[in-house]
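Please look over the sequence and the structure before reading on.

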Amino acid sequence: MTDAPPRGLEARLRDTRARLESEIDLWAATSGSPGGVHLIPLSYLWDGTTFLISTPRTSVTGRNLLADGQVRLSIGPTRDVVVVDGTAEPVDIAGLAPEAGDSFATRTGFDPRALGGTYQYFLIRPRRIQAWREANELRGRDLMRDGHWLG
């Protein structure tokens, strides 16, 4: 625990945007039929507006996202976390812009395009983003609501 005072909105926005740009991995939670609740680590590409992830379309996560598109992402450690609620839309490998595929591969060190079409890309549009470090930052943790940054 820390005795640091809670960050204001501007500091949290700055820190959160820096984290989204600098991190490579996240936890993705999905639920629903046919796979039920599922949590997995994935690599991502953040373009400043959306997240790009990829997973096999037949995996539990792939099936859940194809069924309803609701996803919760978590980035960072427990005591400095960013939580994102978003909607995922499938993007087939053939429909992905080559620059986006190249950027994803360069950023993550993983190129699903080279695996013969079993992987599905998903573009995740954040609807809500929260960030906090300690209990003293729970108040004011909302940084985005309804897809719009606050502040």
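## Leu 26 and the nonpolar cores

In this predicted model, Leu 26 touches Ile 40, Pro 41, Leu 42, Tyr 44, Phe 51, Leu 73, Ser 74 and Ile 75, when residues up to four places away in sequence are not counted. Leu 26 belongs to the largest nonpolar core, which has 23 residues, and together with Phe 51 and Leu 73 it is listed among those with the most contacts inside that core. Helix H1 (9-22) and the strands S1, S2, S4, S5, S6, S7 and S8 (142-145) each supply at least two residues of this core, and the largest share, four residues, comes from S7. Apart from this core lies another, of seven residues, including Leu 52, Val 91, Phe 104 and Tyr 121. In soluble globular proteins, nonpolar side chains tend to be buried together.

## Helix H2

Helix H2 spans residues 60-68, and within it Thr 61, Gly 62, Asn 64 and Leu 65 are buried. Seen down the axis of H2, the buried residues fall within an arc of 165°, so they line one face of the helix. These buried residues pack against six strands: S1 (25-30), S2 (38-43), S4 (51-56), S5 (70-75), S6 (81-91) and S7 (119-132). The residue that follows H2 is Gly 69, whose phi is positive, near 75°.

## Helix H3

Helix H3 covers residues 98-108, where Gly 101, Phe 104, Ala 105 and Thr 108 are buried. Because these residues cover an arc of only 95° around the axis, they are on the same side of H3, whereas Glu 99 and Thr 106, on the other side of the helix, are exposed. An α-helix has 3.6 residues a turn, so residues three or four places apart point the same way.

The buried residues of H3 pack against S2, S3 (45-46), S4 and S7. Just after H3, Gly 109 takes a positive phi of about 75°.

## Gln 120 in strand S7

Strand S7 also contains Gln 120, which counts as buried because its relative accessibility is 2%, with the cut-off for buried set at under 20%. The side chain of Gln 120 reaches the backbone oxygen of Val 91 at 3.0 Å. Leaving aside residues up to four places away in sequence, Gln 120 touches Ile 53, Ser 54, Thr 55, Arg 57, Pro 90, Val 91 and Asp 92.

Note on methods
Residues are numbered from 1 along each chain as its sequence is written. This is a predicted model: local features need pLDDT of at least 70, side-chain atom pairs count only at pLDDT 80 or more; totals for chains, interfaces and linings use all residues. Side-chain values use heavy atoms; hydrogens and water are left out. Buried means under 20% relative accessible area, exposed over 50%, partly exposed in between (1.4 Å probe, protein chains only). The arc is that of the directions from the helix axis to the C-beta atoms. Contact means heavy atoms within 4.5 Å. A polar contact is a pair of N or O atoms within 3.5 Å; within protein, one must be able to donate a hydrogen and the other to accept it, and residues adjacent in sequence count only if both atoms are side-chain atoms. A nonpolar core is a set of buried Ala, Val, Leu, Ile, Met, Phe, Trp, Tyr and Cys residues joined through side-chain atoms within 4.5 Å.
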